[in-house]
Amino acid sequence: MLQNKTLIEKLNFYIDGAWVAPAGGTRIEVINPANEEAYAVISGGTAGDIDRAVAAARRAFEGWSSTSRDERLAHLEKLVTIYERRMEEMAEAITAEMGAPIRLSRESQAVSGVSHLKAFIRAFKAYEWEYLPDETRPNQRIVHEPIGVCGLITPWNWPMNQIALKVIPAVAVGCTVVLKPSEIAPMSAMLFAEFMDEAGFPAGVFNLVNGEGPVVGEALSSHPDVDMMSFTGSTRAGAAVSRASAATVKHVSLELGGKSPNIVFADADLPAAIERGVRHCFENTGQSCNAPTRMLVERSVYDAAVDLAARAGAQVAVDDPARDGDHIGPLSSGAQFEKVQGMIEKGIAEGAKPVLGGLGRPEGFNRGYFVRPTIFAGVDNDMAIAREEVFGPVLVMIPFDTEEDAIRIANDTVYGLAAYIQTGSPERAQRVARRLRAGMVQINGTSRAPGMPFGGYKQSGIGREGGKWGLEDFMEVKLIAG
């Protein structure tokens, strides 16, 4: 395990193009989840710090929004070069702050930031900013313009993925931003602020203030000079952001929770489908909003699928995130550890059968927020473990009888972020996909390509991130007639 001696101090905020001391506030320790020890300390901001950051963003907006597309593009392309050069730093920061195994950090977590950046550049170059909607009426012109000052609140589970999905499209279209990253995983965000500074974005275009949601997040969401809030996190916290934003009628974009179904039909390649589903659910220690956490299996192959899932899950190793390898690491925090343990306990009490894992840490671990990868069989969709977002490596397996039954169970959730279909029938795959109330449907292991829209229906959020949809989230539409 990592041995922490001297705390890294990152006490300043990035405001108006410089690292500045906070106005007051508290000190927040950053915990390494692999050993439960503090390894860094940051400042917890106040409403006064948000006032300074928003004022800087407001001053910068007029100039930045008036720059040419080529000028903004040049800054983005310089940012790509800096990010790629410092990729290893970013991977190490993410591993230390939230426990992602270093290979996952290098190959997915850190890379996601630059992947989104490049996809936004492609969308930016191709986007039609002004156009005539009807050639027979040449005096009607549609113009897209930046919304203004944007408050951005990002989570700890995929820190750079979410920062890139918000900061990059906002500044690309001409907005200025104030970023509040998660206080659990702030180190990658502060490193990203260094990238933005080195790329030469003008003072006030990008600002960063650390702190806790009820203090800094609330001040940002309710600030009268913020034109838009973009939030990623829990549905409960997203509702709080919406309430705080309502008084000033801000634009609000939300990317929230999920309880995504993975429908496995009997005609699927069963061994491949089950192993793929288990590994996808457990990836990032189950801390992904779009994880396929409900595996719905046609009853005729349900028992075989349970056996295959238990075998596949047993092959998923748990180890120190600092070690290279294809394993999962700890959960991100003590609070998350307690939540997941509580959900596993609730599943057992409800009568679900754990065919893998269960309560407690894996063998060989007496500290760190490590949990046992767990699979429940005999689950009914009315159980809490089938309805609530666990956000840990916990898979529930639910039988269904018919295609109609599968669709009903899949849609029987307050969430609608993602859905997955495994079948040997292309016709069935397309038919079912169109009836699932989810923002993203993936068939037989097909990945989402960079630049495609990310977001969901119902309580999974409002709006879409990525590609041209992500650019449009941060723009107003203006009609000029005459």
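What pLDDT does the chain average, and what share of the residues score at least 70? The chain averages a pLDDT (the predictor's confidence in each residue, from 0 to 100) of 97, and 99% of the residues score at least 70. The model is predicted, and local features need pLDDT of at least 70, side-chain atom pairs count only at pLDDT 80 or more, and totals for chains, interfaces and linings use all residues. Residues are numbered from 1 along each chain as its sequence is written, and side-chain values use heavy atoms, with hydrogens and water left out.

**View 1. Confidence along the chain.** Confidence is lowest in strand E6 (residues 130-131), at a mean of 92, and highest in strand E10 (residues 206-208), at 99. Helices (H or I, at least four residues) and strands (E, at least two) are DSSP runs, numbered from the N terminus.

**View 2. The open sheet of seven strands.** The strand order is E15-E16-E17-E14-E13-E19-E20, with mixed pairing; two strands pair if DSSP finds at least two bridges between them. Strand E15 (353-356) and strand E20 (440-443) stand at the edges with a single partner strand each, so one side of each is left without a neighbour in the sheet. Neighbouring strands are turned by 25 degrees against each other on average, direction ignored. Strand E19 (residues 418-422) runs parallel to E20 and is joined to it by four bridges, with Ile-421 opposite Ile-443 in E20. Helix H10 (residues 302-314) packs on this sheet, touching strand E14 (294-298), E15, strand E16 (374-377) and strand E17 (394-400). The direction of H10 makes about 170 degrees with that of E17. Axes are lines fitted to C-alpha atoms, for helices over the stretch in contact, and angles run from 0 to 180 degrees between N-to-C directions; contact means heavy atoms within 4.5 Å.

**View 3. The open sheet of three strands.** The order is E1-E5-E4, and the pairing is mixed. Strand E1 (8-10) and strand E4 (26-32) are the edge strands, each pairing on one side only. The twist averages 25 degrees from one strand to the next. Seven bridges join E4 to strand E5 (residues 37-44) in an antiparallel arrangement, and Arg-27 stands opposite Ser-43 in E5.

**View 4. Helix H2 against helix H6.** The axes of H2 (residues 69-85) and H6 (residues 187-198) come within 9 Å and cross at roughly 135 degrees. H2 is therefore oblique to H6 (angles under 35 degrees count as roughly parallel, over 145 as roughly antiparallel, 65 to 115 as roughly perpendicular and the rest as oblique). Lys-78, Leu-79, Ile-82, Tyr-83 and Arg-85 in H2 meet Phe-192, Phe-195, Met-196 and Glu-198 in H6. These residues divide into six nonpolar, no polar and three charged; Ala, Val, Leu, Ile, Met, Phe, Trp, Tyr, Cys and Pro count as nonpolar, Asp, Glu, Lys and Arg as charged, and the others, Gly among them, as polar.

**View 5. Helix H2 against helix H5.** H2 and H5 (residues 159-173) pack at an angle of about 155 degrees, with their axes 9 Å apart, which means that H2 is roughly antiparallel to H5. Arg-72, Leu-76, Leu-79 and Tyr-83 in H2 meet Met-160, Ile-168, Val-171, Ala-172 and Val-173 in H5. The contact comprises eight nonpolar residues, no polar and one charged.
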